[in-house]
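Subject: A structure for you to explore

Hi there,

Here is the structure I promised to hand over to you. Please open it beside this email and keep it in view while you read.

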Amino acid sequence: MTAIASVKGRRVWDSRGHPTVEVEVTLETGAVGRAIAPAGASRGTREAIDLRDGGTALRGKGVARALASVTDTIAPALVGRDVTDQAGADATILGLDTSPLKETLGGNATVATSLAILHAAAADARQPLWRHVANHYGTTPSLPLPEIQIFGGGAHAGRRVDIQDFMIMVPGATTFDEVMEVTNEVYFAAGDIMARRGKLAGVADEGGWWPSFDSNEEALETLVEAISLAGETPGDRVIISLDIAASEFGKQGRYRLALEDREMDSGQLVDMLGGWLKSYPIASIEDPVGEDDPEGMAEFTRRHGADVQIIGDDYLVTNARLVEEAAAAGACNAVLIKVNQAGTVTESVQTFEAAAKAGFGAVVSARSGETEDVSISHLSTGLGGGQLKVGSFTRSERMAKWNECLRFQDDLGAGAFVGGAPLAATWWGRKNKEDAA
Ligand code: PEP
Ligand code: MG
């Protein structure tokens, strides 16, 4: 047992320039662990609450109340506890806040503390965090398959296009390094095409290009062109992945695509997306319908679940019980794991375990508001077998997370890359098997 000696909160600043919570846990041995809470812009209504001060200062985003939770409530309960008992520490935190969405302490206070405890335990064991995670949870580490944004949209780009993330994945790569190389080529090819056509308006919140397209389909067409211009055959080594983030443009089964001034019901949205799946090499799609549209999600999964990865983000909010319910209802076949949606490491790992049990894929994910914190690179590698979504291929809060994985590659060996395994059950996996035969 190594006891926690102190838990300290600190105000730091995120990639959008907003304040956020950093927590530093120091042990009796002198080992230190530190973590920073990220912040979402397109948030699920059932995720842990990011506690903010409100008012006019700092645009209402001050974190004095969340820092007070750390200093006044969380720290006194954790000092003296065994740092290696992550589940016990997280249970203690949960016992301090019985509200359903952690609004009393703030999910930003709880997640930074919970992750800092994990970091401190790893530091005390003199191990990189990913190795500590694998030892602690009995998992087999592997380098994840990245999902990388090329264009930002939705809440991350002034709603310039309705769809939030136009991404690529490189399941046909044999190393993590190769994914980075291919992504560099596709990212800049996309920028060149957009600049040439006057469609490039800047860089969105997660580092992807901020597009000025006339339709959501134009974004898809351009992405296919960019993949080709990069010397790839779309759907071969590289596939398209989308985060529709439909809760951002629809409620109770009614959706409105502002860019095209089109209103539709859930059935029409499902039909439209089904058309995209036929026309473009899309092998993964996130939140195709809103968080409050279980019929739409079940219908979409019934039609396409055997062909593409269908990820629940706002729909499942990193909640193990919601994953179990979705599996029983035939909705989704994968879950996004955002540690701050759950609010603690233990609940996030429980969701990861519930996903494995349900046969769901798991994509560990950053938020649109991020920092230099690279905990999620370690978590996804340590837990193994998964995927990692951290935004685009520029801006250091994103690149820090990809670069950290390259360091793990040196320790684990290039062969530890999962490659296309997470997409094996999709049309891409079947095609790939046929190509290999
Ligand atoms: C997402 O929706 O997957 C995402 C990363 O965005 P945000 O952090 O704004 O929820
Ligand atoms: Mg999402």
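Below I go through what was found, starting with how to read the numbers.

This is a predicted model, in which local features need pLDDT of at least 70, side-chain atom pairs count only at pLDDT 80 or more, and totals for chains, interfaces and linings use all residues. Residues are numbered from 1 along each chain as its sequence is written, chains are lettered from A and ligands numbered from 1 in the order in which they are written, and side-chain values use heavy atoms, with hydrogens and water left out.

Helices (H or I, at least four residues) and strands (E, at least two) are DSSP runs, numbered from the N terminus.

The cut-offs are under 20% relative accessible area for buried, over 50% for exposed, and partly exposed in between (1.4 Å probe, protein chains only).

Five of the five residues of strand 8 are buried, so the strand is largely enclosed by the rest of the structure. Both of its faces are covered, with Ile 239, Ser 241 and Asp 243 on one side and Ile 240 and Leu 242 on the other. Two strands pair if DSSP finds at least two bridges between them. Strand 5 (residues 165-169) runs antiparallel to strand 8 and is joined to it by five bridges, and Phe 166 stands opposite Leu 242. Strand 12 (residues 282-286) runs parallel to strand 8, with four bridges between them. There, the bridge partner of Asp 243 is Glu 286. In general, strands of a sheet pair through backbone hydrogen bonds, either parallel or antiparallel.

**Ligand 1**

Which residues come nearest to ligand 1? Of the 15 residues around ligand 1, these are Ala 41, Ser 42, His 156, Ser 368 and Lys 389; a residue is near a molecule if one of its heavy atoms lies within 4 Å of it. Oxygen atoms of ligand 1 also lie 3.1 Å from a polar side-chain atom of Asp 243, 3.1 Å from a side-chain N or O atom of Glu 286, and 2.8 Å from one of Arg 367. The protein covers 99% of the 290 Å² of accessible area that ligand 1 has on its own (areas come from the Shrake-Rupley method with a 1.4 Å probe; for residues, only the protein chains shown count as cover).

Now look at an open sheet of three strands, paired antiparallel in the order 1-2-3. Strand 1 (4-13) and strand 3 (32-36) stand at the edges with a single partner strand each, so one side of each is left without a neighbour in the sheet. Nine bridges join strand 1 to strand 2 (residues 19-27), and Lys 8 has Glu 24 in strand 2 as its bridge partner. Val 7 lies in strand 1 and is buried, with a relative accessible area of 7%.

**Two backbone angles to check**

Most residues other than glycine have a negative phi. Leu 58 has a positive phi near 50°; Leu 58 lies in the loop between strand 3 and helix 1 (64-78) and is partly exposed at 36%. Gln 252 also has a positive phi, near 45°. Gln 252 is in the loop between strand 9 (250-251) and strand 10 (254-257) and is exposed at 70%.

Enjoy exploring!

Best wishes

Key. Polar contact = N/O pair within 3.5 Å; in protein donor to acceptor, adjacent residues only side chain to side chain.
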